[in-house]
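Have a look at the model first, then we'll go through it topic by topic.

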Amino acid sequence: MPIVYNGTLEEVTIKAHGNFFTFKPEQKKKLGESLAQFIAENRLEDGLVVLPTEFEDAENDGAF
């Protein structure tokens, strides 16, 4: 499951797929594939990025 990261120091709220999502500063959230793809394509200006799949393994190992 993709991880979306708020790379800013501000809270970010977006509307995607008819729902609102709030990300606290530097927060990471696991989201579904289609939602993560939408954010990657349309929300970079908000400071949100989809982390590469290598970060999923790091989070499971406690290295995050």
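**A loop residue to start with**

At 54% relative accessibility, E11 counts as exposed, because the cut-off for that label is over 50%. Keep in mind that this is a predicted model.

**Around E11**

- You'll find E11 in the loop that runs between β1 and β2 (12-16).
- E11 and F23 sit 12 residues apart in sequence, and their C-alpha atoms are 5.7 Å apart in space.
- If you skip the neighbours within four places in sequence, E11 is in contact with N6, T22, F23, K24 and P25.

**The sheet**

- An open sheet is built from 3 strands in the order β4-β1-β5, and the pairing is antiparallel.
- β4 (28-30) and β5 (48-51) are at the edges with a single partner strand each, so one side of each has no neighbour in the sheet.
- On average, and ignoring direction, neighbouring strands of this sheet are turned by 30° against each other.
- Strand β1 (residues 3-6) pairs with β4 over 3 bridges, in the antiparallel sense.

- Which residues of helix α1 (residues 33-42) are buried? They are L35, A36 and I39.
- Seen down the axis of α1, these buried residues fall within an arc of 100°, so they line one face of the helix.
- The face turned away from that buried side carries the exposed residues E33 and E41.
- As for what the buried residues of α1 pack against, the list is β1, β2, β3 (19-23) and β5.

**Charged pairs**

- How many salt bridges does the model have? The count comes to 2.
- R43 forms a salt bridge with E45, where the closest N and O atoms are 4.0 Å apart.
- E45 is exposed, at a relative accessible area of 60%.
- R43 also forms a salt bridge with D46, with the closest N and O atoms 3.9 Å apart.
- D46 is partly exposed, since its relative accessible area is 27%.
- Shared partners join R43, E45 and D46 into one salt-bridge network.
- In general, side chains of opposite charge can pair when their charged atoms come close.

Definitions and conventions. Residues are numbered from 1 along each chain as its sequence is written. This is a predicted model: local features need pLDDT of at least 70, side-chain atom pairs count only at pLDDT 80 or more; totals for chains, interfaces and linings use all residues. Side-chain values use heavy atoms; hydrogens and water are left out. Two strands pair if DSSP finds at least two bridges between them. Helices (H or I, at least four residues) and strands (E, at least two) are DSSP runs, numbered from the N terminus. Axes are lines fitted to C-alpha atoms, for helices over the stretch in contact, and angles run from 0 to 180 degrees between N-to-C directions. A salt bridge is a side-chain nitrogen of Lys or Arg within 4 Å of a carboxyl oxygen of Asp or Glu. Buried means under 20% relative accessible area, exposed over 50%, partly exposed in between (1.4 Å probe, protein chains only). Contact means heavy atoms within 4.5 Å. The arc is that of the directions from the helix axis to the C-beta atoms.
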